[in-house]
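Here are some notes for a colleague who is looking at this entry for the first time. Please keep the structure open beside the text while reading the points below.

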Amino acid sequence: MNHPEGDFMMKALRLESAGKLHFLDVPVPSPPETTKEVLLKVTHCALCRTDAKMWREGHRDLVLPRVLGHEICGTLEGEPGHHVVWPGLSCGECQYCSGGMENLCPSMKIIGFHRDGGLAERLLVPRDCLLPLPPALKPHVAALAEPLGCCLNAVHQAKVQQGDRVLIFGAGPVGLMMSLAVRAMNAEPTAVETSSTRRPKTKAFCERTDLRIEPTVPRETFQAAINATSSLETFAQGIGAMGPGGSFCLFSGFDGRGALPASILNEIHYRQLSIVGAYGCTRKNMKEALELMALRPGPLEDLIEGFVGLEGVKEIFPAMLHGEVMKIIVPLQS
Ligand SMILES: [Zn+2]
Ligand SMILES: [Zn+2]
């Protein structure tokens with residue numbers, strides 16, 4: 001494969017091992033002509049708290065060394081428009097892939113986890129992972145289609161219905177995006193955020209979307225609860241706040257150790273509650289996210305706190321781990 005003169009090397013941010021993130025020049029990947037892969041020119045990659053967690057401690061699905069980044073928007077040489085990337089390589093043939101649940105494919109390889117991701121100027125990606133942007137949606141905003149798609153997967157798994165009252169634990173960028181997903185179901189979100197330093201950052205978003213954020217769980221009844229924070233106590237609190245027949249969606253993985261008392265399990269039994277998991281998203285979830293964003297990009301723009309170059313990513317990770325920043329976008333083409 002030939003590249004234009006001077007295009008053999010590209011800038012990339014590669015995690016070598018826990019804590020060792022290197023900004024370097026690496027060869028531009030060459031797409032083998034026999035496959036359906038294409039070379040995407042990455043224009044924007046949003047940083048995710050999971051990227052920061054992988055830098056600090058690794059991740060179940062991370063294979064090192066790895067170029068991180070899974071919230072990606074870019075362009076193809078010689079083609080108009082931008083695309084976002086569904087960050088998965090699934091087999092396309094198993095019962096999950098053919099049943100529209102390709103995020104559960106047993107041979108799933110995640111871009112930015114098992115394969116190199118979008119914190120690089122170019123990304124080798126299967127063509128069928130690309131989703132075109134609706135007209136007028138700005139590419140830096142569209143980079144948030146993946147996390148919003150994951151939130152939509154969660155509300156579908158929790159079977160959130162019109163008119164439901166839904167409790168969301170955490171009002172960081174994911175908790176706030178979850179409130180948009182809840183509203184997309186014509187349901188009513190309430191977010192709980194215990195950090196008084198984080199609540200002021202949500203002001204513009206809450207004013208625009210009329211979202212209610214409480215410092216503690218209100219003494220009310222909800223039909224569903226979703227955790228967008230990793231503390232295990234949210235599970236007990238969510239079960240306690242649920243009406244009969246409600247469902248709790250495990251969205252964020254829980255940190256550290258902990259045990260659940262049998263009384264909580266009995267609550268699930270007596271009130272016939274459902275516990276569901278949600279991990280990643282499907283292409284359909286991401287398409288739904290793009291449509292939602294195109295209709296109303298303002299709330300997503302409120303979540304973008306700033307832009308940082310590839311070389312500045314490492315400095316921002318500690319603040320992301322402490323929940324001190326909202327979404328940060330890395331623009332890759334000057
Ligand atoms: Zn993410
Ligand atoms: Zn499959």
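1. Is C97 buried or exposed? In this model, which is predicted, C97 has a relative accessible area of 12%, and because buried means under 20%, C97 counts as buried. C94 has a relative accessibility of 18% and therefore falls in the buried class as well.

2. For orientation, the ideal angle for four tetrahedral donors is 109.5 degrees.

3. Turning to the chain as a whole, the domain assignment divides the protein into domain 1, made of 9–147 + 280–331, and domain 2, which covers 159–277. The centres of the two domains, taken over C-alpha atoms, are 26 Å apart, and their contact involves 17 residues from domain 1 and 15 residues from domain 2.

4. Between domain 1 and domain 2 an area of about 1400 Å² is buried, and carbon and sulfur atoms give 65% of it. On the side of domain 1, the residues that lose the most area to domain 2 are D302, L303 and M326, which together account for 35% of what that side buries.

5. As for polar links, three salt bridges are counted between domain 1 and domain 2, together with five residue pairs in polar contact. A salt bridge joins the side chains of E305 and K201, with an N to O distance of 2.9 Å.

Key. Residues numbered from 1 in each chain as written. Chains lettered and ligands numbered in written order. Predicted model: local features only at pLDDT ≥ 70, side-chain atom pairs only at ≥ 80, totals over all residues. Heavy atoms only, no water. Buried < 20%, exposed > 50% of the residue type's maximum accessible area, 1.4 Å probe, protein only. Domains from an automatic or database assignment. Contact = heavy atoms within 4.5 Å. Buried area = accessible area lost by both parts, 1.4 Å probe. Salt bridge = Lys/Arg side-chain N within 4 Å of Asp/Glu carboxyl O. Polar contact = N/O pair within 3.5 Å; in protein donor to acceptor, adjacent residues only side chain to side chain.
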